[in-house]
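Welcome, and please open your viewer. We will walk through the model one selection at a time.

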Amino acid sequence: MLKRGHSVGFLGYREHHGGGAEALRLAGPDNKTKQYDGGVLRKRTQVEADVLAREKAAQELADALPEESSTIPTINLFLPEALKDAVFVGHLVTDLDSVGGAIGAAALYNGKAALASEINSETAFALDEWGVDKPPTIEEVLKENPDAKICLVDHQQTSQMNPAINPDNVVGVIDHHALQSKTIVTDRPIYIDIR
């Protein structure tokens, strides 16, 4: 069992390339790139470098959180009406930041989290470790409510969007990636938070 302070690698979860700092450790020969199986190299982004640089501080913050969530104070923020009661769904080849972002956004905006695809071992471990229920798939959610408002989380490219999602129902995007090709195009203004 993983204890606080250990990495996911401690358990031997190295066969996946899910999100988070563990996947960022796929350091290339110059430590400025990521090297995947088969020798494919990709330049590390500034966000990835910043995540690695702040990993220790983030772990200290996580360790300082109270065990009981009811002791965390409530903060009133501006919450866009467009996202209220929306379904928050990450990208295909679902990873931890995609699922965690969807769960967190659903809690923040009084919505519902959904999975775009099956979760990887890192995500399964995190959900189990912290006692969080695995969200339903987007197909299950849309079967109950085909016209549900959708907010894309951790992506904005149509190539990463589950095909069950009708682009006309997308009301928002919450992402931390640079805009790239195949970014979703909508007929009306939507809520966008990319940083």
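Helices (H or I, at least four residues) and strands (E, at least two) are DSSP runs, numbered from the N terminus. By that count, the chain has 6 helices and 7 strands, and along the sequence they follow the pattern α-β-β-α-α-β-α-β-α-α-β-β-β. This is a predicted model, in which local features need pLDDT of at least 70 and side-chain atom pairs count only at pLDDT 80 or more, while totals for chains, interfaces and linings use all residues. Residues are numbered from 1 along each chain as its sequence is written, and side-chain values use heavy atoms, with hydrogens and water left out.

Begin with the whole chain: 35% of its 195 residues count as buried (under 20% relative accessible area; exposed is over 50% and partly exposed in between, with a 1.4 Å probe and protein chains only).

Next, select residues 96–108, which form helix H4. Colour Ser98, Val99, Ala102, Ala105 and Ala106, the buried residues of H4. They cover an arc of only 135 degrees around the axis (taken from the directions from the helix axis to the C-beta atoms), so they sit on the same side of H4.

What covers these buried residues?

Now step just past H4 to Asn110, which takes a positive phi of about 60 degrees.

Finish at strand S7, residues 191–194, where you will find Ile192. Ile192 is partly exposed, with a relative accessible area of 47%.

Terms used. Expected span 1.5 Å × (residues − 1).
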